[in-house]
Amino acid sequence: MKPFDYFRADATGDATQAAQAGAAFIAGGTNLIDLMKLEVLTPDRLVDISRLDLAGIEATAAGGLRIGALVTNADLAADARVRRGYPVLARALLAGASAQLRNKATTGGNLLQRTRCYYFYDTSQPCNKRDPGSGCAAIGGFNRNHAILGASAHCIATHPSDMAVALRALDAEVETEAADGARRRFPLAGLHRLPGDTPERETDLAEGELVTAVILPPAKAGCQRYRKVRDRASYAFALVSLASVITLDEDRRIAHAALAFGGLAHKPWRDPGAEKVLAGEVPSDALFDHAADTLLRDAKGWGSNDFKIPLARRVLKAALHEATGTEMPA
């Protein structure tokens, strides 16, 4: 392992100022340590933020929740307010990793974890995300877990987080603090980037900018579900996942539909066009097919992952039938 400096921060300002070029924040370490062992990441300095006062869950004046960046996945999933008002988030957290990892993994770290692309982890293979300009071995290689939406000729990796998918469906926001002390709050949709021609840039965070909290809006009435299709029942990343929040009006028309997908793209994927198709309509199998057509209009398989296109359709339709209480056709 490459030698590195270690700095333990006692305040957020100390942490952001210490996180200069070549540095990395460490909290639970469930992703970073593995990457350092493989020399995929070789930071010059680790800035330990595990002792910062960011491990609380508080009610907001607006009626939502403020979740500190150091709240563990286990504590967040077990919180009564989350289970009651945001069950899609609790279910997504419990669908991710193992119990041991959930006890260590943090909210901020979960959002910022790196892709599980095999070629990103294998330093003998070309990877534009790890080594810009070297190529993408997944294109033309084994790409079963890779993206069918939002990919580029430079990278077809997917984002691995279950939690981020649920937060995207819930219209969560992110709070950060920069090295100069400036703080900002913005929609989670603005955190992660699509690969384009700079796949090495996964977020729009500035150097040294620290995620301090995630903000949830007031809980919405309706049916919240998290569906995850994977190769085995536990400790596997999603082939396709869907966090859905569906509300019906008095006439049983769809009043609100939030649909966020995992396993399909470089970031949690939400398509306003597919949601617009559903808005105000009477649930039906034909309507759900229309929504799936809209979602997958630009989908592209890369060989080993071609199956994800029909799989995403089936996952979406099954979730919508369940949420609206309509029967799937035989």
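Helices (H or I, at least four residues) and strands (E, at least two) are DSSP runs numbered from the N terminus. The model is predicted, so local features need pLDDT of at least 70 and side-chain atom pairs count only at pLDDT 80 or more, while totals for chains, interfaces and linings use all residues. Residue numbers start from 1 along each chain as its sequence is written, and side-chain values use heavy atoms, with hydrogens and water left out.

**View 1. Two loop residues with positive phi.**
Tyr235 sits in the loop between β9 and β10. Its phi is positive, about 50 degrees, although Tyr235 is not a glycine. At 43% relative accessibility Tyr235 counts as partly exposed; here buried means under 20% relative accessible area, exposed over 50%, and partly exposed in between (1.4 Å probe, protein chains only). Ala97 belongs to the loop between α5 and α6 (99–104). Ala97 also has a positive phi, near 60 degrees, and is partly exposed at 32% relative accessible area.

**View 2. An open sheet of four strands.**
The strands run in the order β9-β10-β11-β12, with antiparallel pairing; two strands pair if DSSP finds at least two bridges between them. β9 (223–229) and β12 (269–270) are the edge strands, each with a single partner, so one side of each has no neighbour in the sheet. Strand β11 (residues 254–262) pairs with β12 over two bridges, and Phe261 stands opposite Trp269 in β12.

**View 3. Helices on the sheet.**
Helix α12 (residues 308–324) packs on the sheet and touches β9, β10 and β11, where contact means heavy atoms within 4.5 Å. Its direction makes about 30 degrees with that of β10; axes are lines fitted to C-alpha atoms, for helices over the stretch in contact, and angles run from 0 to 180 degrees between N-to-C directions. Helix α5 (residues 87–94) lies across β9 and β10 (240–248), at about 20 degrees to β9. Six of the eight residues of α5 are buried, so this helix is largely enclosed by the rest of the structure. Those buried residues are Pro87, Val88, Leu89, Ala90, Ala92 and Leu93.

**View 4. Strand β6 and its two partners.**
Four of the five residues of β6 (residues 173–177) are buried. β6 pairs with strand β7 (residues 183–187) in the antiparallel sense over five bridges, and Glu173 has Pro187 as its bridge partner in β7. The β6–β7 hairpin has five residues between the strands, and there Gly181 takes a positive phi near 90 degrees. Strand β8 (residues 210–216) also pairs with β6 in the antiparallel sense over five bridges; Val211 in β8 is the bridge partner of Thr176.

**View 5. Glu177 and its contacts.**
Glu177 is part of strand β6 and is buried, with 7% relative accessible area. Leaving out residues up to four places away in sequence, Glu177 touches several residues, among them Thr12, Gly13, Thr16, Arg183 and Thr212.

**View 6. The second largest pocket.**
This pocket holds about 200 Å³ of space. Of its 18 lining residues, the closest to the centre are Arg116, Asn145, Thr158, Phe237 and Ala238. On a 1 Å grid over the protein atoms alone, a pocket is an open set of points where a 1.4 Å probe fits, with protein on both sides within 12 Å along at least five of seven lines; lining residues have an atom within 4 Å of a point. Grid points are joined across faces, edges and corners, and the volume is the space filled by probe spheres set on the points.
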